[in-house]
Amino acid sequence: MKNWIVALVMTAALVIPATGRAHEGHLHKALGTIASVQGEHVEIKTNDGKAITVMLDKKTTVTRGKEKLDATALKVGERVSVEYMESKKMLMAHAIKLGMAQAARK
Amino acid sequence: MIFVLIGAGLTVVLMATAGLVYLRATGLDAMAQPGALETWVARAARRLAVPSAIRTMANPTPKSAESVTDGMAHFADHCAVCHANDGSGDTEMGRGLYPKAPDMRLDTTQQLSDGELFYIVEHGIRFTGMPGWRTGTTAGEESSWHLVHFIRRLPALTPAELESMKARNPRSPEEIRFEIEEERFLNEGAQK
């Protein structure tokens with residue numbers, strides 16, 4: 001009887017943690033222009049005519065060429081290439097590359 | 001004798017039941033995280049599987065800029081698709097494996113001996129996504145030892161090194177087309 005209990009506990013220990021699932025989507029890329037920036041939400045009108053809203057988090061990188069920037073560099077009208085992933089029904093931005101136009105005007 | 005037979009029968013029934021419970025509860029879903037006990041058992045088994053003569057081996061190839069660079073190029077081309085250039089394992093493939101591709105910058109990898117790392121690269125690990133890369137040639141072994149040098153460097157990679165690795169990552173024709181289009185699109189406004 002004792003062995004049965006030990007075996008059941010071992011089985012439960014193997015099975016139970018494995019049921020906690022981490023759902024992650026596929027990584028997508030899109031090119032477009034920033035339509036609006038509201039806090040951590042950035043709306044992008046993509047080159048194929050769609051509108052997507054990506055969410056920024058602490059891991060999101062923003063770059064222009066080789067220069068690393070922060071989220072304040074995201075302005076309406078900027079050309080961007082965005083890499084994002086669907087997570088919990090939100091599009092989480094992994095990386096946003098800004099067009100060189102803004103830098104060229106400086 | 002009868003008790004031995006009953007004991008053996010019960011053991012078989014118990015194992016079959018445990019297996020069935022495992023299958024039904026997990027659905028063999030690779031997106032799940034292995035439990036702590038399973039992780040501990042798997043790591044112990046992996047350690048036992050590495051012959052002690054190899055486990056205690058130090059890297060026989062001298063550590064040099066060339067050997068680390070060779071390992072880096074090899075890693076970017078063959079390993080980064082799952083392990084990521086920085087060894088974090090934070091890739092689409094790495095996140096979808098069971099078990100997940102580990103963060104190789106952490107102690108769980110860095111505290112493995114040179115021999116253990118070499119053995120894992122050469123032989124892979126059954127029941128995981130880690131393939132074996134053994135070719136049975138001296139050149140192949142040297143390449144794996146260079147990879148071990150590079151794995152030791154993972155916790156201290158510089159942004160410049162990571163950038164140079166990107167150019168060596170395998171890309172599909174679709175990704176290459178996107179990169180060309182991206183470069184054109186992002187630079188276009190600047191040229192006006």
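Read along the sequence, chain A goes α-β-β-β-β-β-β-β-α, which amounts to 2 helices and 7 strands. Helices (H or I, at least four residues) and strands (E, at least two) are DSSP runs here, numbered from the N terminus. This is a predicted model, so local features need pLDDT of at least 70 and side-chain atom pairs count only at pLDDT 80 or more, while totals for chains, interfaces and linings use all residues. Residues are numbered from 1 along each chain as its sequence is written, with chains lettered from A and ligands numbered from 1 in the order in which they are written. The model scores ipTM 0.72 and pTM 0.73.

Of the 106 residues in chain A, 21% are buried; a residue counts as buried if 20 or more other C-beta atoms lie within 10 Å of its own, exposed if 12 or fewer, and partly exposed in between, with C-beta atoms placed from the backbone. Taking contacts in chain A between residues at least 6 apart in sequence, 51% link residues at least 24 apart. A contact here means that the C-beta atoms of two residues, placed from the backbone, lie within 7 Å.

Strand β4 (residues 61-64) of chain A has two partners to look at, where pairing takes at least two DSSP bridges between the strands. With strand β7 (residues 90-98) of chain A, β4(A) runs parallel, joined by 4 bridges; Val62(A) has Ile96(A) of β7(A) as its bridge partner. With strand β5 (residues 67-69) of chain A, the pairing is antiparallel over 3 bridges, and Arg64(A) is bridged to Glu67(A) in β5(A). β4(A) and β5(A) make a hairpin with 2 residues between them, and Gly65(A) in the turn takes a positive phi of about 65 degrees.

Chain B is built from 10 helices and 0 strands. Its average pLDDT (the predictor's confidence in each residue, from 0 to 100) is 94, and 98% of the residues score at least 70.

As for overall shape, the C-alpha trace of chain B spans about 90 × 40 × 30 Å along its principal axes. The radius of gyration of chain B is 22 Å, whereas a compact globule of 192 residues would come out near 16 Å; the radius is taken over C-alpha atoms, and the globule rule is 2.2 Å times the number of residues to the power 0.38. Of the 192 residues in chain B, 20% count as buried.

Helix α4 (residues 65-83) of chain B isn't straight. Its 19 residues put the end C-alpha atoms only 22 Å apart, short of the 27 Å that a straight helix would reach, the expected span being 1.5 Å times one less than the number of residues. α4(B) bends by about 50 degrees at Asp77(B), with the bend taken as the angle between axes fitted to the seven residues ending there and the seven starting there. Buried residues in α4(B) include Ser67(B), Gly71(B), Phe75(B) and Cys79(B). An α-helix has 3.6 residues a turn, so residues three or four places apart point the same way. The buried residues of α4(B) pack against α5 (92-96), α8 (138-153) and α9 (159-166) of chain B. Just after α4(B), Ala84(B) takes a positive phi of about 70 degrees.

Glu38(B) sits in helix α2 (residues 36-49) of chain B and is partly exposed, because 17 other C-beta atoms lie within 10 Å.
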